[in-house]
Amino acid sequence: MGKKGEDRPDSDYGEPAQFDPTFNGPIKKRGCTDIICCILFMVVILGYIGVGMLAWLYGDPRHVLFPRNSTGWFCGVGPNKDKPHLFYFDILKCASSANVLVTTLSGLQCPTTQSVSEIVSKELCPFFHIPTTSALGRCFPDIQKLGSIPDFFSSIPGLPSSVNETANLIKNGTGDIINSFNIKNIGLRIFEDFASAWPWILVGLVIAMLVSLLFLLLLRFIAPVMIWLIIIGLLASGAYGIWHCYWEYANYKQQSASINNVGFTTNFRAYLEVQETWLAIMIILCVVEAIILLTLIFLRTRILIAIALIQESSRAIGHMMSSLAFPVVTFVLLLVCVSYWGATAIYLATSGNPIYKVVALNSSYGGCRSITGNVTCDPQTFNSSDYPACPTASCIFISYNEEGLFQKNMLNLQIYNAIAFLWCVNFVIAMGQCTLAGAFASYYWAFSKPDDIPMFPVGASFVRTLRYHVGSLAFGSLILTVVQIVRIILEYIDHKTRSAQNPCARFVMCCLKCCFWCLEKFIKFINRNAYIMIAIYGKNFCVSAKNAFSLLMRNIIRVVVLDKVTDILLFFGKLLVVGGVGVLSFFFFSGRIKLPGDTFHSETLNYYWMPIITVVFGSYLIAHGFFSVYNMCVDTLFLCFLEDLERNDGSLQK
């Protein structure tokens with residue numbers, strides 16, 4: 001009875017596949033699947049294109065790309081083409097953190113214009129010019145030169161005290177801006193490091209690519225050794241842990257250090273100095289060690305099968321090297337999706353004409369109290385002399401027009417943009433998985449390798465996927481998108497209500513997020529195996545998902561063993577690539593490894609850790625791209641292997 005779910009034909013998870021002498025790999029004669037979902041996906045894509053066109057027609061990204069002066073004109077374009085920098089007459093009005101935040105949200109608008117009469121009456125004409133520097137198209141006090149202004153003017157006799165007061169006021173009042181633009185200096189130094197080290201960063205990434213490729217190709221030879229070394233190392237670590245715990249237990253037992261002498265305390269280190277703690281840890285380790293040993297004894301044959309599949313996957317990749325380049329296609333398509341989503345979001349956010357209203361910048365004047373901020377104005381024709389009772393009246397930007405039909409549905413269009421983006425991203429990933437699955441399935445079922453392998457297996461599988469199974473891929477990616485949307489909504493609700501949640505509400509929210517996280521992982525697992533069955537048999541998504549799930553459940557023990565063995569190999573493979581290249585880059589960029597000649601000097605780097613981080617991050621992406629192909633190859637060959645076990649018994653007839 002213990003093997004009913006794996007070996008017996010009367011399994012609760014469907015009937016095993018029957019012998020078919022004509023079956024020799026992915027079905028050639030197939031039809032289009034899930035046509036309704038294909039049509040729906042095409043309609044959504046057309047709508048997405050329409051939203052992008054409308055956003056392009058009504059939006060104006062110049063609102064976030066270029067600064068705008070007090071008359072409403074953009075700096076650096078149009079009539080101000082030769083004037084790319086915005087100058088603030090009174091930088092103190094923009095100096096506080098609050099104003100910086102507000103002006104950032106409104107397009108960095110900080111009106112500081114003043115009338116001539118106000119300048120004369122208040123004696124605001126400056127005695128000196130403040131050195132400025134450009135940042136984000138705006139003129140700010142120079143960070144390096146600003147500190148010397150008060151000391152410079154204090155050394156000149158005869159100047160009014162207001163000069164030094166003004167200089168100190170500017171220096172102190174712009175402290176927030178100066179501190180924030182220290183980040184800009186750091187950014188410039190990092191950019192300089194990239195400019196000088198980018199050839200060597202590329203060398204590091206190329207090394208990561210070569211190491212990843214070499215590791216995958218050598219797995220056919222070193223996989224058994226690596227797996228058994230990992231298993232032996234795990235058992236040896238557990239045995240050492242048991243010995244160490246016993247040694248600590250015996251030591252504290254001789255000292256009569258008992259938990260009764262400690263009692264309850266928040267100092268957890270105190271619990272490590274009593275014999276009961278080490279006895280409990282030793283018992284747990286003994287139980288875990290026994291479980292691992294028993295598992296190895298009873299599942300040794302399945303571990304050998306997993307090793308053989310891993311070796312076969314390495315051979316498959318060796319015969320189809322083009323499969324290693326396919327993640328580049330997926331990456332480019334994902335980059336297109338992200339770029340289109342970002343551009344559409346920006347154009348939608350800046351659609352609608354800007355609204356300007358008359359606002360009193362200083363309400364201390366009696367006549368300014370009548371200005372309530374409800375009167376619209378045109379900054380290009382506004383004249384403050386029209387408000388003689390309020391000399392600080394200005395025409396400033398308030399918001400964008402939201403009265404039109406397009407503007408009223410802005411939120412809905414942004415939601416549509418986000419949903420379509422998620423669906424497209426999941427579809428691109430699904431297309432890549434189905435394409436690779438079809439290529440590797442053609443390798444497995446080829447009777448004579450490599451003669452029976454198709455000429456261009458990856459290209460043929462890609463064309464077959466786009467021709468027949470767009471609807472099925474859209475169906476699977478739509479299910480995943482719905483779950484992801486629910487997770488986003490839960491995160492939004494949790495963020496908005498966190499301060500008002502009681503412990504019970506936090507517990508419920510945590511459970512919901514955990515459940516939907518698990519559901520997303522499960523759906524990704526089901527989709528991945530369904531795409532493999534689609535690539536092989538050409539059936540619709542539901543039938544393929546059902547057949548894949550039933551096949552896996554009939555062989556659940558093999559699934560668990562292979563999954564864990566593969567995860568261990570991929571983990572150590574990524575650790576080898578990322579860790580090895582990271583250590584090498586550390587020794588190189590820190591100057592511990594010297595190149596002959598004057599090729600590169602690490603002393604020229606401002607922050608040598610930035611190229612190291614870049615190389616490590618890039619190495620991880622490269623290793624993940626290579627190993628994702630390998631992982632898809634293992635999963636495909638494994639499903640084909642399970643089908644092969646049920647279809648054929650190794651006899652001449654089968």
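Arg 487 and Glu 520 join their side chains in a salt bridge, with 2.5 Å from N to O; the term stands for a side-chain nitrogen of Lys or Arg within 4 Å of a carboxyl oxygen of Asp or Glu. Arg 487 is partly exposed at 26% relative accessibility, whereas Glu 520, at 7%, is buried (buried is under 20% relative accessible area, exposed over 50%, partly exposed in between, with a 1.4 Å probe and protein chains only).

This is a predicted model, in which local features need pLDDT of at least 70 and side-chain atom pairs count only at pLDDT 80 or more, while totals for chains, interfaces and linings use all residues. Residues are numbered from 1 along each chain as its sequence is written, and side-chain values use heavy atoms, leaving out hydrogens and water.

A salt bridge also links Lys 513 with Asp 494, their closest N and O atoms being 2.9 Å apart. Since Lys 513 lies in helix H16 and Asp 494 in helix H15, this pair ties together parts 19 residues apart in sequence. Lys 513 is partly exposed, at 23%, and Asp 494 is buried, at 3%. Both residues belong to a network of salt bridges that includes Glu 491 and Arg 498.

Conventions: Helix = DSSP H or I, 4+ residues; strand = E, 2+ residues; numbered from the N terminus.
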